[in-house]
Amino acid sequence: MIEARHLRVLRAVATTGSFSAAARELGCTQPAVSQQMKVLEASAGTTLLIRTGREMRLTQAGEALVRHATGILAGLTAAEEEVAAIAGLRAGRVRLVSFPSGSSTLVPSALAALRAAHPGTRVSLVEAEPPRSVEMLREGDCDVALAFRYEGASAAEEWDDLVVRPLLADRLVGLVPEGHRLAKAESVAIGELADEPWIAGCPRCRRQLVEVCEGAGFVPRIDFATDDYPAVIGLVGAGLGVAVLPELAIESVRPKGARTVTVEPAVQREIVALTLPDLAQVPAVAATLDHLARAAER
């Protein structure tokens, strides 16, 4: 019989590429990992791993088992958490991944309210931009992913296999230096910024910027690019260029030396919380989704 603990070890070996690295990740010894892999191969009745130099390579059977392991382990986690809640344990664990501007705006108030309502629930947070955050959810490395996608996202970004909790629509706004000729304008057509040096944000936002500008008939001259929104705002405030950023990104940083302006045509991104169908039934995960939705209503 294949045991869940052996599947977790196999997935760790597949992810890290070696028994020793897997042991470090799992907090056990290398011989323990080796022994558990022997037991798993005996249970499976076939070889799952092949040593190539210092690394381990999955056989076809090993690849198949790892592919199924994520769903199996997610299902087991859901079962364990739900049974614990039904039994009155009133405890839970939620692994949350969020993009940076969500981490600084929606997440703090949501987690504070969650802790007040359910003090036994533990939440961990790591940051990742989509699509990586969505991949982490599908790979079983988190329970809830705070993510976004822009209007007209490609079919490759479909979330049909996930539970999608819409949170809010986050409009892009322009950012110009305080002394800029358009700093006091009520609204600005993006074409009016065609000759300006640009400061771009994360790769996905950067791609969206180029598409919007091309739609207005010009290609933006991007002088600076950074994933750090405070850095974008600082560069604009220093008079080094203009930018468009989501409102959430500006909300968490005081734009010293810079002014926000409404940009036309309007572009917005959809902010959502994602989870797997099995995990949506886990009380701690459901509560996290609820509190994120309430935080977005503020």
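Buried means under 20% relative accessible area, exposed means over 50%, and partly exposed lies in between (1.4 Å probe, protein chains only). C28 is partly exposed, at a relative accessible area of 31%. C205 is buried, at 11%. A disulfide is a pair of cysteine sulfur atoms within 2.5 Å. By this rule there are zero disulfides.

This is a predicted model, where local features need pLDDT of at least 70, side-chain atom pairs count only at pLDDT 80 or more, and totals for chains, interfaces and linings use all residues. Residues are numbered from 1 along each chain as its sequence is written, and side-chain values use heavy atoms, without hydrogens and water.

Now the cavities. A cavity is a set of points, on a 1 Å grid over the protein atoms alone, where a 1.4 Å probe fits but cannot get out; lining residues have an atom within 4 Å of a point. Volume is the space filled by probe spheres set on the points, which are joined across faces, edges and corners. The structure holds three cavities of 30 Å³ or more.

| Cavity | Volume |
|---|---|
| Largest cavity | about 70 Å³ |
| Second largest cavity | about 60 Å³ |

Residues lining the largest cavity include L172, Q208, L209 and V244. Helix α7 (residues 203–215) gives the most to this lining, with three residues. Helices are DSSP runs (H or I, at least four residues), as are strands (E, at least two), numbered from the N terminus.

The second largest cavity is also lined by L172, Q208, L209 and V244, with C205 and R206 among the others. Its largest share, four residues, comes from α7.

Note on methods:
On a 1 Å grid over the protein atoms alone, a cavity is a set of points where a 1.4 Å probe fits but cannot get out, and a pocket is an open set with protein on both sides within 12 Å along at least five of seven lines; lining residues have an atom within 4 Å of a point.
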